Amino acid sequence: MTTLRTKRYPCSTCDAEQLHRQLTGAEQEQLKERLGRAGVSEFWICENVLAPDTGRQCRNLRTGWVMKPFPKPIRLPEPE
């Protein structure tokens with residue numbers, strides 16, 4: 001299994017610089033369906049833990065260059 005790249009980027013939802021990672025293959029497929037796009041490799045997902053007791057993450061999406069690529073923030077659901 002390939003290790004996903006991570007970087008620190010500002011998160012518009014967390015209002016701070018947080019660790020972001022590239023999307024997994026399953027997350028890319030889910031986002032392609034949601035956005036109706038052929039490619040989504042430019043997106044990064046915030047890994048900030050919002051609720052330490054449950055481990056729930058922010059999961060807000062951004063690109064490497066644009067902190068707010070959508071009018072309203074788009075978050076991917078937690079994996080099952």
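**Reading a sheet and a buried arginine**

Tutor: Apart from its neighbours within four places in sequence, R59 is in contact with R21, E27, I45, C46, I74, R75, L76, P77, E78 and P79. Keep in mind that this is a predicted model.

Student: Where does R59 sit in the chain?

Tutor: R59 lies in the loop between β5 (56–57) and β6.

Student: Is R59 buried or exposed?

Tutor: Residues under 20% relative accessible area count as buried. R59 has a relative accessible area of 3%, so R59 is buried.

Student: What does the side chain of R59 make a polar contact with?

Tutor: The partner is the side chain of E27, at 2.9 Å.

Student: Now the sheet. How do strands of a sheet pair?

Tutor: Strands pair through backbone hydrogen bonds, and the arrangement is either parallel or antiparallel. Here 4 strands make an open sheet, ordered β1-β2-β3-β6, with antiparallel pairing.

Student: Which strands stand at the edges?

Tutor: Those are β1 (6–11) and β6 (61–63). Each has a single partner strand, so one side of each has no neighbour in the sheet. From one strand to the next, the twist averages 45°.

Student: How many bridges join β3 and β6?

Tutor: Strand β3 (residues 43–46) pairs with β6 over 3 bridges, in the antiparallel sense. In that pairing, I45 is opposite L61 of β6. I45 is also one of the residues in contact with R59.

Student: Which strands does helix α1 lie across?

Tutor: Helix α1 (residues 25–35) lies across β2 (16–22), β3 and β6. Relative to β3, the helix runs at about 110°.

Definitions and conventions. Residues numbered from 1 in each chain as written. Predicted model: local features only at pLDDT ≥ 70, side-chain atom pairs only at ≥ 80, totals over all residues. Heavy atoms only, no water. Pairing = 2+ DSSP bridges. Helix = DSSP H or I, 4+ residues; strand = E, 2+ residues; numbered from the N terminus. Axes fitted to C-alpha atoms, helices over the stretch in contact; angles between N-to-C directions. Contact = heavy atoms within 4.5 Å. Buried < 20%, exposed > 50% of the residue type's maximum accessible area, 1.4 Å probe, protein only. Polar contact = N/O pair within 3.5 Å; in protein donor to acceptor, adjacent residues only side chain to side chain.
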